[in-house]
Structure formats: C-alpha cells, structure tokens
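Hi,

Here is the structure I said I would pass on. Have a look at it first, and my notes on it follow below.

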Amino acid sequence: MEVSKVAIVTGAGKGMGAASARKLATQGYKMVLMSPSGSAVALARELEGVGLDGSVTELHDLQALVDLAMSTYGRIDAVVNNTGHAPWSTGSSLPFDPDMQNRITDVPDEDWMKGIELVFLNVARTCRIVVPIMERQEGGTFVNICTFAALEPRISYPVSSTLRLAVAGYTKIFADRFARCKIRMNNVLPGFMENWPVDDTILRTIPMMRTGLFEEVANTVAFLLSPESGYITGQNILVDGGANRHI
C-alpha cells in the first residue's frame, strides 16, 4: 500500500495529543497512535489508522509503536512526542503557586527518575529508534509538546519544568546535527490549557485572559510538521496567550 504521509502521536488518547491526531488526519496523514488507556486505539480506528496500548516510559512499547507504523505503512514522516505531567509526590499538585512554597529540595529521587522517563527519555528513545528510518527516507519531522515552563521554569511544577528544559536543550543539539539530513525538530510550549482549573489569580497572569484550546496547540503542531515551516528547526514555540511575555 502506497501512503503519502504517516504520523506517530504518543499520549494520543485525549487532550492535546488527541487534538493533534485529529488535525493531522484532516491533512492526509495516516495516524499511528499510542496511549496507556486504550483511548488511542479507539481514536485510531475512528481516524482509519492504527493504534496500540502502551506507555512512553517503556522502551519496548515505543519500539512496538514504530514497528506497527512500519509494518502497516512502511514509512514514518512525522512524530509528535506528547506525554502526561511529571510526578510530584510530596503533596503539591497545584498548577499555580503564587506564594512559591514548593521546595525543590523536597523532591525525592523517585520523582526525578519517573520524570526523566516520562518527560525526557521518551523523546531521546523515540529519536534513537526513528531517526535511522528518516535518514533512509531522506527526511522527517519531530514535534515535542512541552510546556511554557520549559523556558521559564516554575516552582509550581519543579520536576516538569526542570526536565522539559532538558528537552529544549536536546532539541537544539538534535537540530544542529540532523538538519543536514533534512530532519527537523521543534517544541510546542502550551500555557494554561482548557483542562487546567484556573481562577482569577491565574487569568490575571495571561494577557489574553483565557486558557488555551487543545485545537490551538494542534494547529501549531500541524504547522510545524508542514512544508510551510520547512526552514524552522530547533525552536521553542510558545502557545500561551502571552503568559511568558517577559521572555
């Protein structure tokens, strides 16, 4: 079967991952989806693609996802690395901490290690598996869905902020090396999205005075995977309503 474009999306069962999959499907991509809940399999069926249950923290699941794409379609043109929130087991899961009471020194090793698996290694491992395929194809594109805290780390979520900053660094180095192979990588940095329980205190920090829509992130992902963004690589694109205006 000859297929023009194939995209992998992880964490595709809901939220920004699902919205990105739906958007890319409308642009002619054949979708290969994964999530731990089973929702990605159902969405893939709806979009006439393929999917599996699995976690981005498991190397064998990532390998199985790539193998599924190749056995079904024979190529991979785009990868959207999307994942959940990094752990913070010491009791503070608030999305906003105006009094800055969280103590990064209280984060246990267990949370750091879980965060590394969930936030950073999933990107590095997926690239390790997929890049040889894209090199043979002479091109491909990665988009990592991160967070606006990747540019300005926030005490509200110390594990995620720290490790997504590491993803930003990885992206710069990756772009430097693989641009010559026609392989691009960029990061999308969402701000407070529609699934966040925001109040007036948070809204006052957002110039647009509202949370973002999953569809708005998906539109940015689609642009960064498109030929229209062909001269963009190694960049961090904020989709945050202006919340990081001081950067």
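This is a predicted model: local features need pLDDT of at least 70, side-chain atom pairs count only at pLDDT 80 or more; totals for chains, interfaces and linings use all residues.

Before the notes, one term: the bend at a residue is the angle between axes fitted to the seven residues ending there and the seven starting there. Helices (H or I, at least four residues) and strands (E, at least two) are DSSP runs, numbered from the N terminus. With that, helix 4 bends by about 50 degrees at Leu-121.

Residues are numbered from 1 along each chain as its sequence is written, and side-chain values use heavy atoms, with hydrogens and water left out.

Now the overall picture. The chain has seven helices and seven strands, and along the sequence they run β-α-β-α-β-α-β-α-β-α-β-α-α-β. Of its 247 residues, 51% count as buried (under 20% relative accessible area, with a 1.4 Å probe and protein chains only). Taking contacts (heavy atoms within 4.5 Å) with a separation of 6 or more, 68% are between residues 24 or more positions apart.

Next, the inside. A nonpolar core here is a set of buried Ala, Val, Leu, Ile, Met, Phe, Trp, Tyr and Cys residues joined through side-chain atoms within 4.5 Å. The largest one has 36 residues, and Ile-8, Val-32, Ile-76, Phe-142, Phe-174 and Ile-183 have the most contacts inside it. Helix 4 gives this core its largest share, nine residues. There is also a second, separate core of 29 residues, which includes Ala-21, Tyr-29, Ala-44 and Ala-218. Back to Ile-183: leaving out residues up to four places away in sequence, its contacts include Phe-142, Phe-174 and Phe-178.

Helix 4 has 29 residues and reaches 40 Å from first C-alpha to last, close to the 42 Å expected at 1.5 Å a residue (the expected span is 1.5 Å times one less than the number of residues).

How far apart are the end C-alpha atoms of helix 5? They are 30 Å apart, which agrees with the span its 21 residues (158–178) should have at 1.5 Å a residue. Buried residues in helix 5 include Leu-163, Val-167, Phe-174 and Phe-178. The buried residues of this helix pack against helix 4 (109–137), strand 5 (140–145), strand 6 (183–190) and strand 7 (236–239).

Cheers

Note on methods: Buried means under 20% relative accessible area, exposed over 50%, partly exposed in between (1.4 Å probe, protein chains only).
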